[in-house]
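Work through the exercises below with the model open. Each task is followed by a stepwise solution.

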Amino acid sequence: MQTDMKKTISIFAIFAAALAAVSCDSYFNVNLSDQATLESLYSKRVSVRNFVSNMYTYLPREEHVDASEGMGVLRSDESLFGASQHTSIAYKLRWGDYGSATVDGDSNGTFWDRYYQAINQCTIFLQNIDRNQDDAPEYVTYMKAEATVMRAYYYYCLFRHYGPVIIWGEEQASMDTDGSTLDRNTLEENISFMLGQIEKALPDLPLRIEEVPTLSDEKDRGRVTKGFALALKMRILLLQASPLFNGNPLYASMTNKEGKKIFPESRDLSKWDLVAKAAQDVLDLGVYELVQPKGTTMQDYADAYQSVFFENWNSEIIWGWWFRTWAPSDPYAGTVGGLLAASVPMQIASAAGLTTKAPLYGWQLFTPSLKLVDAFPMMASGRYPVTGYDRDSKGLNYSKPHVDPVSGYVAEGWEDNYTQPVDVPWAAPFKAHKSTVGRDPRFYSNFVPNGFWWPDQSLKCRVTDFSREQGKSYTAAEMKDPEVYATNQ
């Protein structure tokens, strides 16, 4: 013990002596001239590339259905989204678990700080990029336009979530600002700033990313183009024209600290004309087009529709990324992997033996609304089958649709020996409800109605209400039996 202590004291003494041999001024005092400065960082190509990449790290992960921002559909009335081990923001909203007291963080739906950080990063970049002497002037010009649009985009992310927000303009947010002195800018001021940024950047943006010197179609796809900027403009105008912000009486009396009305008091239908014009401007670029079917069969049309989701950088994609959170061995890999996992019924996952693999487990979280199901047209007539619903004391009664008699849609009854038209060439005919017959190929690509075959030949099972039929739980073998469904009819 005594020997060890002597060694410890000796080592400490040697270290102290070493420090004493060095001047305090030279060891402890920081020479700021040795530190990286903004001027030196922005003068180097590698540093500039890193700053550009950083601007994109704040992008919302909207394909991640049960975390972060989640999908836009979860903010609509098109479907319900249940609870899972990762409770979604949409589920919290549904149950009233989201409010001003909610803990900050993406998982709780509070993105205020993250998007303002992103905005600040874009502003810092714009204030310093002219120091860059290591890149071609054309590329510097593009990066300025790119950062300008990205700043507008992050304001849009705030705007769609919170409504009108604080606009810092061309300056950084002050670090010592007293929050109690701040308030929202008006809706018009928000819209004006975002659109102004886009218009400012448009002349310096390319139609295709490979038009920019040093950039390539292969590795730089997903960066800002003219098409994305115009599509963003259309999205902003769409929010401005929507009943949510266009003369909504719920907001008519709201003012900020300056006494300005935050929202317009009267409705202006001409704002929809601006939306239509902005959408047409995107189409007029001649860069994007609908994916076309390779033939005229139902399967050809379904394949074309499905390729929009499963084929990376197809002709309908204006701005995108292909992001994955699970291992490459995951069969749900691809553009909509998380969406598939959230949609698969638990019984299907059980039949496939997937319940022990967490990413593959059928979460059965999405429940599409009947109104969404009714929105798909008929194949032969091209007409939409349901034009409205009866109204009772509780509102619309979706069990009593107003059927367009010319559409060819039949709301009641059954059809024997029906052959499922898409994705299951191996499947045997069965009895189908007539409301599911003769629909647009997109209907069959989005839904697997009750009684239909699940599109997996290895399973060869049909989707039924197994867990509730007289309290009975069916086995995987019974699920594969075509006659099982007869007990539910």
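**Exercise 1.** In which loop is N246 found?

Solution. This is a predicted model. Find α9 (226-241) and α10 (271-283). N246 sits in the loop between these helices.

**Exercise 2.** Decide: is N246 buried or exposed?

Solution. Take the relative accessibility of N246, which is 2%. The cut-off for buried is under 20%. N246 therefore counts as buried.

**Exercise 3.** Which backbone atoms does the side chain of N246 reach, and which residues does N246 touch?

Solution.
1. Start with oxygen: the backbone oxygen of A241 is 3.2 Å from the N246 side chain.
2. Go on to nitrogen: the backbone nitrogen of D268 is 2.9 Å from a polar atom of that side chain.
3. Set the cut-off for a polar contact, 3.5 Å.
4. List the contacts, leaving out residues up to four places away in sequence: Q240, A241, S266, R267, D268, L269 and K271.

**Exercise 4.** Describe the second largest pocket.

Solution.
1. Volume: about 340 Å³.
2. Lining: 19 residues, of which R221, V287, Y288, W313 and I317 are the closest to the centre.
3. Classes: eight nonpolar, five polar and six charged residues.

**Exercise 5.** Summarise the whole chain.

Solution.
1. Secondary structure: 16 helices and six strands.
2. Burial: 39% of the 489 residues are buried.
3. Contact range: take contacts between residues at least 6 apart in sequence; 55% of them join residues at least 24 apart.
4. Surface: the accessible area is about 27,200 Å², with 54% belonging to carbon and sulfur atoms.

Notes. Residues numbered from 1 in each chain as written. Predicted model: local features only at pLDDT ≥ 70, side-chain atom pairs only at ≥ 80, totals over all residues. Heavy atoms only, no water. Helix = DSSP H or I, 4+ residues; strand = E, 2+ residues; numbered from the N terminus. Buried < 20%, exposed > 50% of the residue type's maximum accessible area, 1.4 Å probe, protein only. Contact = heavy atoms within 4.5 Å. Areas by Shrake-Rupley, 256 points an atom, 1.4 Å probe, with all protein chains shown as cover. 1 Å grid on protein atoms, 1.4 Å probe; cavity = no way out; pocket = protein on both sides within 12 Å on 5 of 7 lines; lining within 4 Å. Points joined across faces, edges and corners; volume = space filled by probe spheres on them. Nonpolar A, V, L, I, M, F, W, Y, C, P; charged D, E, K, R; others polar. Polar contact = N/O pair within 3.5 Å; in protein donor to acceptor, adjacent residues only side chain to side chain.
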